[in-house]
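Visitor: I would like to learn how to read the features of a model like this one. Could you take me through a few of them, giving the general idea before the case at hand?

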Amino acid sequence: MKVEQIYTGCLAEAAYYIESEGEAAIIDPLRDTKPYIDRATKEGANIKYVFETHFHADFVSGHLDLSAKTGATIVFGPSAKPAYTAYVAQDGEDFQLGKIRIRAIHTPGHTMESTCFLLIDETGKETAIFTGDTLFIGDVGRPDLAQHVISDLTEEKLAGYLYESLRNKIIPLPNDLIVYPGHGAGSACGKKMSKETTDTLGNQKMFNYALNLKLTKEQFIKEILTGLVPPPSYFPQNVLMNIKGYESLDEVMQRSSQALPPEAFEAAANETEALVLDVREAQAFAKGFIPNAINIGIEGQFASWVGTLIPDLKQPILLVTEAGKEEETITRLARVGYDNCIGYLQGGVQAWKEAGKELDTVTSISAEAFSNLLAGNPSLAAFDVRKKSEYDSEHVIGVENLPLDFLNENMAQINPDKTCYMHCAGGYRSMIAVSILKARGFDNLIDVAGGFAAIKAVGKLPLTEYVCPSTML
């Protein structure tokens, strides 16, 4: 028996490869199926099942393409109603995989079809549980997402279902079970997940607040719902893609991988309503970019920020990347449902420059320079674009919070006639914010390189007293 976690950091997502006697199963695959097929091929195994713990909101699953390419049966838990051929399991139903069994355990709460999969080894011992978004390490799945698709499923109702699922289905299981969750820290599917991506169930019973048996149902519901922020706008759209089906990734890749010389790229930008998305590193972007381009660096949590800040999945997109990053960028866009990339700039910004095309720049100053400026002028217009929880935990006194998550809704906070200084934690998000604002006509913007971490290290500005984020929920 083999079990392997296949973790994708930019989405904080865990898929799983399970194999016994030449038969394999994949749990919660991403849309790009090659890693799973290659893994099975390496072992000389056939993929028999694709298990889906629920209809995912934060990414487009690879179950349809994987099934089409391998003949594997797609398996959902009870109450799932996919618009394509799939097997809907009964609660407690076993699936044979070589000499092992995988048991479906219906655990509604995160969504109504949410199902955990219990791994039973060759000896009949329960050894691991794949919990999807029902149980994370240190947290549980948020119960407010399904209501964005089915309106009468209130978050209170779902939280109540989750309480019952945890108490009646998960907690009674053996303490030595290995818990394999669907996400780790950084995912928007929970609020205080651990950086660890596996643990024993016994340890979680001791330290996971949501498994505290002293909590009444009412207390549990209040605890689970406290501190939730609105989910990214693309979540409901991804759910519907996972329910209804979607275009093959191979077709998306073929259509999107169009290399456009500068003249053709400029014509496409002018003749369509395409968004120019520049995915280079923040400081490289600052030194020269196509006017009105948005910067979301591929090296950060790229897919989730694209999904948060570009509300329309059908938005036409023109890409600017470093050489060799084109295919990766298109793939990562497709993982969250952005299938309408219409091409990329051939030769990158250097080709644009050599063609004599206009470039814009962003002024970026050091944390020390910013510290000196703010110390000398406390009324300086300065904004911290980190999440509210990060800002509340610790921030520079006198700097306002303008969370990047809600930048589109809160631009009125910025006076376009004043020079404004923007920082985040380390420089990634502030450049995103500056690029969006510049594209909207805000010209008097200065980025603080290195962000709050660098400002704190300089040590010249007064900070609020540090409060651990977990105590604020």
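Guide: Let us begin with a group of rings: Tyr49, Phe51, Tyr87, Phe95 and Phe117 are linked into a cluster by ring pairs. Rings of Phe, Tyr and Trp (its six-membered ring) pair if their centres lie within 6.5 Å, and planes under 30 degrees apart count as stacked, over 60 as edge-to-face and the rest as tilted. This is a predicted model, in which local features need pLDDT of at least 70 and side-chain atom pairs count only at pLDDT 80 or more, while totals for chains, interfaces and linings use all residues. Residues are numbered from 1 along each chain as its sequence is written, and side-chain values use heavy atoms, with hydrogens and water left out.

Visitor: How many aromatic pairs does the rule give, and why is the pair of Phe51 and Phe95 called edge-to-face?

Guide: The count comes to 15 aromatic pairs by this rule. The rings of Phe51 and Phe95 have planes at 75 degrees and centres 5.5 Å apart, so this pair is edge-to-face. Because Phe51 lies in strand S4 (residues 46-51) and Phe95 in strand S7 (residues 94-97), the pair ties together parts that are 44 residues apart in sequence; strands (E, at least two residues) and helices (H or I, at least four) are DSSP runs, numbered from the N terminus.

Visitor: What is the geometry of the rings of Phe51 and Phe117?

Guide: Their planes stand at 45 degrees with the centres 4.8 Å apart, so the pair of Phe51 and Phe117 is tilted. Phe117 belongs to strand S9 (residues 115-120) and Phe51 to strand S4, so that the pair links distant parts of the chain, 66 residues apart.

Visitor: Are Phe51 and Phe117 buried or exposed?

Guide: Buried means under 20% relative accessible area, exposed over 50%, and partly exposed in between, with a 1.4 Å probe and protein chains only. Phe51 counts as buried at 0% relative accessibility, and Phe117 is buried with a relative accessible area of 0%.

Visitor: Where is Thr197 found, and what does its side chain contact?

Guide: Thr197 is in the loop between strand S13 (178-181) and strand S14 (199-200), and it is buried, with a relative accessible area of 19%. A polar contact is a pair of N or O atoms within 3.5 Å; within protein, one must be able to donate a hydrogen and the other to accept it, and residues adjacent in sequence count only if both atoms are side-chain atoms. The side chain of Thr197 makes such a contact with the side chain of Gln5 (2.9 Å).

Visitor: Which residues of helix H13 are buried?

Guide: In helix H13 (residues 367-376) they are Ala367, Phe370, Ser371 and Leu374. Seen down the axis of H13, these buried residues fall within an arc of 100 degrees (taken from the directions from the helix axis to the C-beta atoms), so they line one face of the helix. Among the elements that they pack against are strand S20 (363-365) and helix H16 (451-458).

Notes
Contact = heavy atoms within 4.5 Å.
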